[in-house]
Amino acid sequence: MKIKLDPKHPDLHKYDDLARDKVYEVLGIEADDYRIFNDLGRPYIYPQNLFARVDATEPEDWVNHYGKGGERYAYPEEIGRPGFFEDYFDHKSEAIAALHTYQEKRWSHG
């Protein structure tokens with residue numbers, strides 16, 4: 001799935017780590033919001049309504065889960081386990097390696 005900032009969104013000024021005309025590849029969906037690599041190279045979550053979809057095609061390897069309130073979580077299995085991104089941001093080597101391996105696989109072959 002590919003997305004781009006919605007130029008009409010009133011809160012764009014709050015997101016200086018995202019480029020206004022750049023198309024971003026969605027890494028996953030977390031509680032209905034998008035996780036993307038921002039322009040600082042960090043896999044952060046951003047509100048879905050901040051973006052317009054450029055290509056709504058979702059990767060075939062995404063696994064969907066739904067929270068108690070019906071919110072959607074969709075990630076590839078390699079990086080979709082609960083706590084994965086907490087481990088990544090805690091600098092745990094297994095999570096860092098798994099994300100880099102997935103990134104290489106996805107963007108070089110997908």
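**Exercise 1.** How does Glu58 count by its relative accessibility: buried, partly exposed or exposed? Then describe the salt bridge in which Glu58 takes part.

*Solution.* The model is a predicted one, and every value below is computed from it. Step one takes the accessibility of Glu58, which is 28%; since buried means under 20% and exposed over 50%, Glu58 counts as partly exposed. Step two turns to the partner: Glu58 forms a salt bridge with Arg72, and the closest N and O atoms are 2.5 Å apart. The pair links distant parts of the chain, with Glu58 in the loop between strand 5 (51-55) and strand 6 (62-66) and Arg72 in strand 7 (residues 72-76), 14 residues apart. Step three classifies Arg72, which is buried, with a relative accessible area of 16%.

**Exercise 2.** Which residue forms a salt bridge with Lys22, and where in the chain do the two residues lie?

*Solution.* The partner of Lys22 is Asp39, with the closest N and O atoms 3.0 Å apart. Lys22 lies in the loop between strand 1 (2-5) and strand 2 (23-30), while Asp39 lies in the loop between strand 3 (33-37) and strand 4 (43-46), so that this pair, 17 residues apart, also links distant parts of the chain. As for accessibility, Lys22 counts as partly exposed at 36%, and Asp39 counts as partly exposed at 37%.

**Exercise 3.** Which residues are linked with Asp87 in a network of salt bridges?

*Solution.* The network links Arg81, Asp87 and Lys92. Within it, the side chains of Lys92 and Asp87 meet at 3.5 Å, N to O. Asp87 counts as buried at 17% relative accessibility, whereas Lys92, at 43%, counts as partly exposed. In total, the structure holds seven salt bridges.

**Exercise 4.** What is the geometry of the aromatic pair formed by Tyr46 and Phe51, and which residues do ring pairs link into a cluster?

*Solution.* A search of the whole structure finds eight aromatic pairs. In the one formed by Tyr46 and Phe51, the rings are 6.4 Å apart centre to centre, with 80 degrees between the planes, and the pair is edge-to-face; the cut-off for that class is an angle over 60 degrees. Tyr46 is buried, with a relative accessible area of 3%, and Phe51 is buried as well, at 9%. The cluster consists of Tyr44, Tyr75, Phe84, Phe85, Tyr88 and Phe89. For Phe85 there is a further contact to record, as the charged end of Arg35 sits over its ring, 3.7 Å from the centre.

Note on methods
Residues are numbered from 1 along each chain as its sequence is written. This is a predicted model: local features need pLDDT of at least 70, side-chain atom pairs count only at pLDDT 80 or more; totals for chains, interfaces and linings use all residues. Side-chain values use heavy atoms; hydrogens and water are left out. Rings of Phe, Tyr and Trp (its six-membered ring) pair if their centres lie within 6.5 Å; planes under 30 degrees apart count as stacked, over 60 as edge-to-face and the rest as tilted. Buried means under 20% relative accessible area, exposed over 50%, partly exposed in between (1.4 Å probe, protein chains only). A charge sits over a ring if NZ of Lys or CZ of Arg is within 6 Å of the ring centre and within 35 degrees of the ring normal. A salt bridge is a side-chain nitrogen of Lys or Arg within 4 Å of a carboxyl oxygen of Asp or Glu. Helices (H or I, at least four residues) and strands (E, at least two) are DSSP runs, numbered from the N terminus.
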